[in-house]
Amino acid sequence: FANASYPLPPSQPSKAFSDDRDEWMSGPDMPGGGHWVGYDFQRPVSVCSYSFASRRSDVLGYLSTDGPSGYVLQGSMHPTWEGAEWEDLHPRVSAGAPFAATGERRGHGLNHNFVFRRYRLLVTEVPGRASGSRYAVVRDLRLHSPTGADPHTRPSETRCEVRLQVEGLFENRAWSGPSGSYRIRTTLSGGGVVDEASAPSSVDLLPGPLTGASVSLWPRTAGARAAAAVSVVTYNPLPADGEVSVTFPEGVDLSLLEGGQVLTSNYGMRGRVKVVGREVRVSRDNATANLPVPAGATLTFELAPVANPPVSGPFAGPASVATKLREGTVVDSAGGVPLGEVLPGALPSASISLSSTVAGSVGPLLLNFTATNPVPVGGVVTVLLSGEYEALLPMHAAGLRGIDGGFAVDANASFTPTGPFPSNRTNSTLSLLLRRVGGAASPPGHRIVISVGSVMSPPRAAAAGTFELCTAVPGAAGGELLNIECA
């Protein structure tokens with residue numbers, strides 16, 4: 001049964017509930033307590049949401065003036081309309097926007113689990129007409145049961161879904177992974193349990209962000225043994241028995257680190273060093289690290305020895321760093337940590353000998369050097385000579401010591417090496433590229449002697465000039481060489 005604060009014809013209260021066919025309109029004056037229109041179900045029912053519209057037509061321009069801009073849905077168990085006490089079922093809407101279209105609806109979910117016999121929409125504000133009249137117009141007021149059906153047809157539905165948002169009271173735990181199971185209870189004021197439900201984990205917590213993460217290898221020379229300096233700023237505390245994990249890209253040799261040492265550190269990062277694939281795990285020394293590393297602390301340590309990749313150029317990828325609990329659960333992490341580039345090494349005791357010191361003479365060049373890193377199968381040896389040297393084609397090369405197989409020689413070759421080079425490069429007049437054919441990788445640390453011929457010396461007496469000698473491997477781009485070592 002419908003009722004309203006203004007029930008006089010032609011605005012009978014039932015018109016507020018007649019779908020889109022009609023509408024209820026109050027009188028022209030807004031009383032102090034507001035206008036209302038409501039419904040008596042004659043028994044307790046559960047209403048979980050509601051919605052309404054305003055005028056069906058805006059021909060006279062009254063849609064924006066008569067549509068409710070302040071309102072609330074209320075419930076009561078009182079047996080009569082007179083003398084009823086009403087309970088607000090959601091926060092009151094005040095100073096809402098005027099209705100802008102006839103098809104516009106206003107609606108609210110009701111976060112409660114109570115039942116009431118009577119429900120009413122209390123209208124406390126309307127924009128009002130220019131004449132001063134303050135009519136309230138309500139159309140198609142719909143009250144929904146828990147499943148959205150008409151409460152008349154679902155009297156047994158007495159459970160509404162309650163949604164609560166509690167802000168500013170919780171802090172996530174300080175490690176990642178499933179959040180764990182949870183339990184929800186409704187209780188009486190004295191603590192007695194009314195209802196209870198529990199559920200398994202529904203959220204995966206993400207690792208906190210490590211800031212200022214850096215991993216630096218020094219020296220960065222190709223093939224050299226190096227120390228890895230690690231620095232991060234923690235987001236969450238790291239427990240006394242926690243560990244730090246550093247993952248290195250392919251090409252960095254970690255085999256020497258198993259059982260290796262931490263050279264320098266703070267916060268007790270001097271425990272056990274363990275290598276698992278590309279990952280190095282460093283535990284804290286519980287003898288000296290009996291307190292957690294606090295959040296926001298700069299954590300540093302240095303690992304040694306690792307070995308750089310055997311060729312120059314960019315590392316195969318970035319590093320990543322993570323702080324972990326003892327059993328391996330990630331606390332904080334940082335990926336994409338750049339390592340820079342590997343620099344060419346030095347060829348110790350390198351020399352190039354001419355067959356004769358007479359101007360204009362013809363003979364082979366003798367390349368003599370010690371290769372700290374192996375020259376692999378398919379690798380190359382490059383030579384740059386400054387001065388008026390000339391290659392006599394076809395050219396040949398042969399390993400006399402420390403290297404086997406043959407060589408394909410390209411005179412006046414055009415190539416793009418990597419790494420730092422002497423300033424004489426712009427003055428070079430002869431470039432030779434010796435590409436290995438067959439054989440095996442040369443052993444590291446061995447003396448290598450290669451004969452290359454034939455070359456004609458400058459035609460006039462002068463200083464013999466300078467040279468550049470490098471070992472390298474072909475790069476991905478055409479003509480690019482990744483230097484291993486140079487002199």
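**A walk around the model**

Visitor: In which loop does Phe 170 lie?
Guide: Look at Phe 170 and the strands on either side of its loop. Strands (E, at least two residues) and helices (H or I, at least four) are DSSP runs, numbered from the N terminus. Phe 170 lies in the loop between strand 9 and strand 10 (177-178).

Visitor: What kind of model is this?
Guide: Residues count from 1 along each chain as its sequence is written, and side-chain values use heavy atoms, without hydrogens or water. Local features need pLDDT of at least 70, side-chain atom pairs count only at pLDDT 80 or more, and totals for chains, interfaces and linings use all residues, because this is a predicted model.

Visitor: Is Phe 170 buried or exposed?
Guide: Buried means under 20% relative accessible area, exposed over 50%, and partly exposed in between (1.4 Å probe, protein chains only). Phe 170 has 69% relative accessibility, so it counts as exposed.

Visitor: How many salt bridges does the structure hold?
Guide: A salt bridge is a side-chain nitrogen of Lys or Arg within 4 Å of a carboxyl oxygen of Asp or Glu. For this structure, the count is 17.

Visitor: How many residues apart are Asp 66 and Arg 55?
Guide: Asp 66 and Arg 55 form a salt bridge, with their closest N and O atoms 2.9 Å apart. The pair links distant parts of the chain: Asp 66 is in helix 1 (residues 63-66), and Arg 55 is in the loop between strand 4 (49-53) and helix 1, at a separation of 11 residues.

Visitor: Are Asp 66 and Arg 55 buried or exposed?
Guide: Check both partners of the bridge. Asp 66 and Arg 55 are both buried.

Visitor: How many residues apart in sequence are the parts tied by Arg 105 and Asp 140?
Guide: Arg 105 and Asp 140 form a salt bridge, the closest N and O atoms being 2.9 Å apart. Arg 105 lies in the loop between strand 6 (87-88) and strand 7 (106-109), and Asp 140 in strand 9 (residues 137-144), so the pair ties together parts whose separation is 35 residues.

Visitor: Which residue in the hairpin turn has a positive phi?
Guide: Two strands pair if DSSP finds at least two bridges between them. Strand 19 and strand 20 pair antiparallel over four bridges, with Val 273 opposite Val 282. They form a hairpin with two residues between them, and the turn residue with a positive phi of about 65° is Gly 277.

Visitor: Which strands stand at the edges of the open sheet?
Guide: This sheet has four strands in the order 15-16-21-18, paired antiparallel. Two of them have a single partner strand each, so one side of each is left without a neighbour in the sheet: strand 15 (211-218) and strand 18 (261-265).
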